[in-house]
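Thanks for coming. I will go through one structure today, starting with a few contacts and ending with the overall picture.

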Amino acid sequence: MDTQKLIEVLAREVLKEIAKRENEKLSENNEIISKKSVLTVFLGNDEVLKDELKKETSFMENIKLDSTWEEIGQCENKKRLVVSTLGINELIELSQGRKSIITEFLFNDGEVVLVEEGLEYKKYTKPAALINLYDGYLDKVREFGIKVVKRTEVKNVFCTKEKVYLKGLVTERRLRKLELKNQTLEVDAKSKITSLAMDYIKENSIELCYERRQ
């Protein structure tokens with residue numbers, strides 16, 4: 001092979017390697033964007049819980065039941081609504097499908113979490129027939145896909161993040177960039193995981209599973 005052809009072959013290989021690295025970099029950037037794309041919106045007057053949740057995610061407060069979807073913003077981020085307090089009349093209206101910012105979240109594929117202790121009727125234990133009626137309204141709300149959790153479990157909802165999917169070589173650097181912790185990591189069946197990445201997975205309570213081959 002003459003010198004000119006050798007140069008051409010080497011140039012092509014160099015360009016291929018550059019393109020490969022650029023694609024990997026773009027893929028990692030997209031993964032980071034996806035990881036940080038959850039916006040949590042807070043509704044209610046539990047100030048202590050609000051301050052705790054601010055540390056967990058991108059956050060928006062001062063939202064009311066009569067707020068509009070436009071007030072949340074038209075960014076493409078996935079959105080989660082945490083309702084820390086809800087009155088009896090508000091619960092009944094929600095169970096009947098009355099329009100509010102809560103239903104707006106449901107219409108737009110947002111996640112809604114109700115704090116059980118923040119439900120007004122939970123302060124009462126009698127008359128039993130009335131409490132049972134309100135329990136029925138709450139069951140109806142659950143049918144809409146709304147999560148009802150205890151106050152101490154709200155942060156667990158935040159930790160239960162969406163499954164993260166990776167393919168190719170899984171390195172500690174990639175995992176650190178995504179800030180993965182207490183999550184499920186699914187990797188391509190052909191993927192390879194470095195020993196440092198495995199150490200990171202164990203240290204950060206990451207559940208590892210492999211994509212099934214077709």
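Let me start on Lys140, which is partly exposed, with a relative accessible area of 36%. This is a predicted model, so please hear every value as computed from it. Lys140 forms a salt bridge with Glu143, and the closest N and O atoms are 3.4 Å apart. Both residues lie in helix 6, three residues apart, about one turn of the helix. Glu143, for its part, is exposed, at a relative accessible area of 59%. While we are on pairs that share partners: salt bridges also join Glu47, Lys50, Lys54 and Glu61 into one network.

Helix 6 takes part in another pair. Lys122 forms a salt bridge with Asp135, with 3.9 Å between the closest N and O atoms. Lys122 lies in the loop between strand 4 (111-115) and helix 6 (128-143), and Asp135 lies in helix 6, so this pair ties together parts that are 13 residues apart in sequence. Is either end buried, partly exposed or exposed? Lys122 is partly exposed, with a relative accessible area of 35%, and Asp135 is partly exposed as well, at 25%.

A cis peptide bond joins Lys126 and Pro127, with omega at about 0°. Pro127 lies in that loop, between strand 4 and helix 6.

Next, a pair that spans a longer stretch of chain. Arg151 forms a salt bridge with Asp46, the closest N and O atoms being 2.8 Å apart. Asp46 counts as buried, at 17%; the cut-off for buried is under 20%. For the protein, the count comes to 13 salt bridges.

Strand 1 also holds Thr40. Thr40 counts as buried, at 0% relative accessibility. Its side chain makes a polar contact with the side chain of Arg80, at 3.0 Å.

Asn62 has a phi near 60°, a positive value in a residue other than glycine. Asn62 sits in the loop between strand 2 (58-60) and helix 3 (69-72), and is exposed, with a relative accessible area of 65%. Asp109 also has a positive phi, of about 60°, although it is not a glycine. Asp109 is in the loop between helix 5 (101-107) and strand 4, and is exposed, at 68%.

Three strands form an open sheet in the order 6-8-10, and the pairing is parallel. Which strands stand at the edges? Strand 6 (164-166) and strand 10 (207-210) do, each with a single partner strand, so one side of each is left without a neighbour in the sheet. Neighbouring strands of this sheet are turned by 25° against each other on average, direction ignored. Strand 8 (residues 184-187) is joined to strand 10 by four bridges.

Stepping back to the whole chain: the protein has nine helices and ten strands. Buried residues make up 36% of its 214 residues. Of the contacts with a separation of 6 or more, 58% are between residues 24 or more positions apart.

Last, confidence. The protein averages a pLDDT of 83, and 80% of the residues score at least 70. Where is confidence lowest, and where is it highest? It is lowest in helix 1 (residues 3-35), at a mean of 60, and highest in helix 4 (residues 88-95), at 97. Over residues 29-36 the pLDDT stays under 50, and for this stretch the model has twelve contacts beyond four places in sequence.

How values were computed
Residues numbered from 1 in each chain as written. Heavy atoms only, no water. pLDDT = per-residue confidence, 0-100. Helix = DSSP H or I, 4+ residues; strand = E, 2+ residues; numbered from the N terminus. Contact = heavy atoms within 4.5 Å. Salt bridge = Lys/Arg side-chain N within 4 Å of Asp/Glu carboxyl O. Buried < 20%, exposed > 50% of the residue type's maximum accessible area, 1.4 Å probe, protein only. Polar contact = N/O pair within 3.5 Å; in protein donor to acceptor, adjacent residues only side chain to side chain. Pairing = 2+ DSSP bridges. Axes fitted to C-alpha atoms, helices over the stretch in contact; angles between N-to-C directions.
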